[in-house]
Amino acid sequence: MNSGLIEKGYEPHDVEKRWYKYWEEEHLFAADDKSDKKSYSIVIPPPNVTGVLHMGHALNNTMQDILCRYRRLRGDNVLWMPGTDHAGIATQNVVEKSLAKDGINRQQLGREKFIEEVWKWREEYGNAIIGQLKRLGASCDWQRERFTMDEGLSKAVRKVFVKLHEDGLIYRGNYIINWCPRCRTALSDLEVEHEEHEGLLYYIKYPLSDGSGALTVATTRPETMLGDTAVAVNPDDERYMHIKDVDVELPLVGRMMPLIRDKYVETSFGTGALKVTPAHDPNDFEIGRRHKLDVVKVIDDDGRMTAEAGKFEGLERFECRKAVVAALKETGALEKIEKYDHGVGHCYRCKTVVEPNLSKQWFVKAAPLAEKAIEAVKDGRTRIIPDTWSKTYFEWMYNIRDWCISRQIWWGHRIPAWSCSDCDQVIVSEETPSTCPGCSGGNLVQETDVLDTWFSSALWPFSTMGWPEETPLLKTFYPTTVLITGFDILFFWVARMMMMGLYFMKDIPFKDVYVHALVRDEQGKKMSKSKGNVIDPLEMIEKYGTDAFRFTLAVFAAQGRDIKMSENRIDGYRHFINKIWNSVRFALMHISSPGKEIDFEHISLADRWILSRLKRITMSVADSLDAYKFNESASDLYNFVWHEFCDWYLEAIKPVLYGKKGSNAHDATLSVLWRVLRDTIVLLHPFIPFVTEEIWHKLPGTQGSIMKAVFPIDQPDAESIADDSEAEEVMERIIEIITSTRNIRGEMNIPPSSLLAVIVQSPDLETRRTIEQHREMIIDLARLESFTVEEPGVRPKAAATAIVDNAIIFVLLEGVVDFSKEAGRLEKEIGKLDKELFAISKKLENRGFLDKAPKDVVAKVKARFKDLTEKQEKTKKNLERVKEFQGN
């Protein structure tokens with residue numbers, strides 16, 4: 001091989017297309033149902049079929065891919081199970097909007113025709129996200145791709161529903177649920193997003209039936225008062241102890257209601273008297289059940305007032321609020337209005353204000369299922385990483401409420417329950433019944449509701465592997481090894497998978513749950529379209545290549561810390577990809593055949609050093625990935641490749657490479673170079689798969705895909721490379737001498753073309769011998785004319801100094817630097833810095849700027865001031881040194 005076979009510049013797009021096609025054609029992502037290898041499995045968090053690749057997807061799937069590629073290199077039988085979620089409400093909304101453009105609504109089509117339209121939409125657009133994941137390099141076993149509405153998963157869903165119903169864990173009943181009037185469906189607690197709202201608190205007077213006065217009640221939702229069936233006070237509230245058993249009158253309606261006493265009432269809120277509306281508040285519903293209160297529903301499923309609202313019937317709920325307040329003012333029942341900030345629930349899909357509503361729904365009794373899910377994390381069978389999320393998991397699980405699983409939409413798993421029109425019996429069955437088992441009648445009507453999307457997703461780890469059948473795949477890969485997920489679905493999905501997995505598989509669904517952080521903008525702000533700070537992964541991939549984008553995500557993916565992403569950072573890691581490419585190109589100018597066994601007798605200090613560093617970096621990468629410390633493994637590789645391999649090793653061995661061909665030293669160094677190159681490319685592969693595959697096929701002696709390579713510590717000859725602390729220590733000292741000399745060159749503004757004279761003095765004989773032994777490397781890399789190593793003696797004149805371990809370096813400057821001219825240059829530089837610092841200091845003294853300018857702008861100005869101050873101090877020190885040399 002030679003540089004003629006590797007292009008001068010790396011162009012990612014053709015490379016990425018070519019190698020992804022090759023990986024798929026060669027079935028390199030495929031897992032074996034049965035294998036003697038250690039199994040390793042991950043189920044993908046299924047993206048919605050409506051989804052488009054965003055930064056959260058990109059981070060999540062990059063991490064999964066890194067782990068899967070890494071474990072394949074370690075020899076595991078890896079299953080990365082892919083698939084998509086049918087996303088009930090989201091998908092139905094998208095299709096309804098599409099139909100609306102043609103003036104059609106789903107009611108006009110009817111249920112069956114509408115569902116046909118959704119399936120058509122899914123076939124046409126639903127796999128866009130899969131193509132985008134492939135652009136990212138995701139090495140999923142695509143031949144096993146599942147969909148939460150496919151036949152196999154639908155069978156699993158029906159079986160789970162029926163079994164839970166038989167076991168008394170699914171029931172149907174009237175209950176207060178979160179209702180979205182726009183989507184016309186129930187929402188689980190987790191599907192409601194609470195936002196702070198500048199609202200109002202209305203104080204309303206409820207007259208006492210004995211004519212002794214009135215109770216004042218405070219509420220943020222006066223329209224619901226029309227459905228009040230009691231007023232409650234705390235039995236310990238001294239303000240109301242004097243009031244005996246009386247009724248209160250409901251203003252505007254005239255209905256008499258009981259005054260009840262309940263410990264739930266907060267004495268500190270409002271007046272301490274609470275209006276109780278069982279049909280429109282979850283807490284009031286519970287109070288109503290305890291006190292056997294009437295339930296009056298005054299808001300319907302469309303968010304309009306019912307006949308029970310009297311003269312307000314037909315009004316939209318917020319219009320009704322205004323009308324009720326006006327009527328209360330007119331009758332003198334409104335005491336006052338105060339501003340009041342409080343959280344208001346919104347539908348997570350359409351952002352409509354959610355209405356607590358009384359409705360007949362299907363529920364899962366969650367508490368019995370949660371017990372085992374709590375124990376599994378407590379006893380360590382499932383670890384949550386970082387552990388800080390365990391506390392949040394426990395808090396939620398200990399306070400879990402029954403899960404409302406029915407949704408009033410058409411797209412989704414239709415609930416397998418039928419009502420008999422003749423005898424009202426409800427039949428729950430996996431198969432469609434033909435007759436009623438109670439009366440043998442044939443008039444059966446299926447439940448129109450569908451299941452919450454998260455119900456089918458909760459079965460994902462085992463349903464995707466063929467359950468309820470006992471498949472070889474399930475036996476080999478369940479429980480899965482790790483789940484990688486965002487914290488936002490820890491409860492939506494992770495907790496529910498734990499409950500279902502333990503109930504139906506009698507085992508945990510995954511051994512580890514790694515919870516990754518958010519990707520924010522470079523100022524640390526959450527990305528949003530409204531702020532205009534969204535970074536599109538597909539645009540970044542197009543502009544900088546997939547590998548640069550993936551590596552950027554990995555480098556900044558520290559546990560428990562959000563990622564501050566910017567395009568500049570991605571561009572910076574594109575330079576890293578180019579650095580790798582160019583270093584390989586240089587190496588292949590000299591490597592024309594596979595590396596021979598390393599001749600340890602004839603290798604140089606630089607060879608020994610790089611091999612030892614490679615050994616350490618290999619162990620470090622393995623340890624970090626095993627501990628999900630993606631940023632540490634990526635950062636270690638970056639420093640090793642850029643700073644150790646490229647900056648030092650390749651520079652150090654150039655004299656050997658360009659020296660006598662065929663000599664022992666030349667051949668030994670070529671063997672080391674080949675070995676380091678091969679192993680480094682394998683180490684980098686999980687992070688940057690495309691460029692490493694391209695390089696792998698250029699490297700002599702490699703066969704097949706890099707995906708079939710062996711991780712360096714598992715190589716048969718891995719033990720031949722030992723930790724060489726001595727070589728690392730000596731090389732570190734040599735690097736320090738060269739770096740110190742280069743720093744002095746830079747500080748004194750000496751051009752690289754000027755060769756320098758350097759003297760190193762050390763009192764230690766062994767130190768002097770070691771440095772002398774490697775003088776040629778120092779002379780070559782520091783660009784020296786002469787280099788002397790001696791015992792401490794007379795300090796040379798006009799010499800800049802640096803102190804390294806057990807030695808002093810003197811760089812002779814006489815005849816090299818025009819001290820007068822350099823002093824003038826430095827004084828001029830200090831003058832410029834003074835002016836700029838003065839201008840910035842004035843800005844920072846300006847209270848108006850500090851208070852009104854955006855925080856990130858102020859932070860940048862402060863950082864600039866700090867940098868310039870440091871530069872000024874350094875320039876002044878350099879000036880002092882130059883003046884000292886002038887005096888000499």
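Select threonine 485 first, in this predicted model, and you will find the residue within strand 22, which covers residues 480–486; strands here are DSSP runs of E with at least two residues, helices are runs of H or I with at least four residues, and both are numbered from the N terminus. Threonine 485 counts as buried because its relative accessibility is 0%, where buried means under 20% relative accessible area, exposed means over 50%, and partly exposed lies in between, with a 1.4 Å probe and protein chains only. Show its surroundings next: leaving aside residues up to four places away in sequence, threonine 485 touches Asn60, Trp493, Val494, Val513, Tyr514, Val515 and His516, a contact being heavy atoms within 4.5 Å.

Two conventions apply along the way. Residues are numbered from 1 along each chain as its sequence is written, and side-chain values use heavy atoms, with hydrogens and water left out. Because the model is predicted, local features need pLDDT of at least 70 and side-chain atom pairs count only at pLDDT 80 or more, while totals for chains, interfaces and linings use all residues.

Now zoom out to the whole protein, whose C-alpha atoms fill a box of roughly 110 × 70 × 55 Å along the principal axes and which has 28 helices and 29 strands. Of its 888 residues, 54% are buried, and among contacts between residues at least 6 apart in sequence, 78% join residues at least 24 apart.

Move to lysine 564 in strand 25, residues 563–564. Is this residue buried or exposed, or something in between? Lysine 564 counts as partly exposed, because its relative accessibility is 43%. Its contacts, again not counting residues up to four places away in sequence, are Arg520, Asp521, Glu522, Gln523, Gly524 and Arg569.

For a sheet, select the open one of 3 strands with the order 19-18-20 and antiparallel pairing, where two strands pair if DSSP finds at least two bridges between them. Strand 19 (426–428) and strand 20 (444–446) each have a single partner strand and stand at the edges, so one side of each is left without a neighbour in the sheet. Neighbouring strands of this sheet are turned by 30° against each other on average, direction ignored. Strand 18 (residues 417–420) runs antiparallel to strand 20 and is joined to it by 3 bridges; colour tryptophan 418 to find its bridge partner in strand 20, glutamine 446.

Turn next to the backbone around two prolines. Tryptophan 467 and proline 468 are joined by a cis peptide bond with omega of about 15°, and proline 468 is found in the loop between helix 13 (460–463) and helix 14 (472–477). The peptide bond from tyrosine 478 to proline 479 is also cis, with omega near 0°, and proline 479 lies in the loop between helix 14 and strand 22.

Histidine 27, with phi near 55°, is found in the loop between helix 1 (12–25) and strand 1 (39–43) and is partly exposed, with a relative accessible area of 46%. Alanine 87, with phi of about 50°, is found in the loop between strand 3 (83–84) and helix 3 (88–100) and is buried, with a relative accessible area of 4%.

How values were computed:
Axes are lines fitted to C-alpha atoms, for helices over the stretch in contact, and angles run from 0 to 180 degrees between N-to-C directions.
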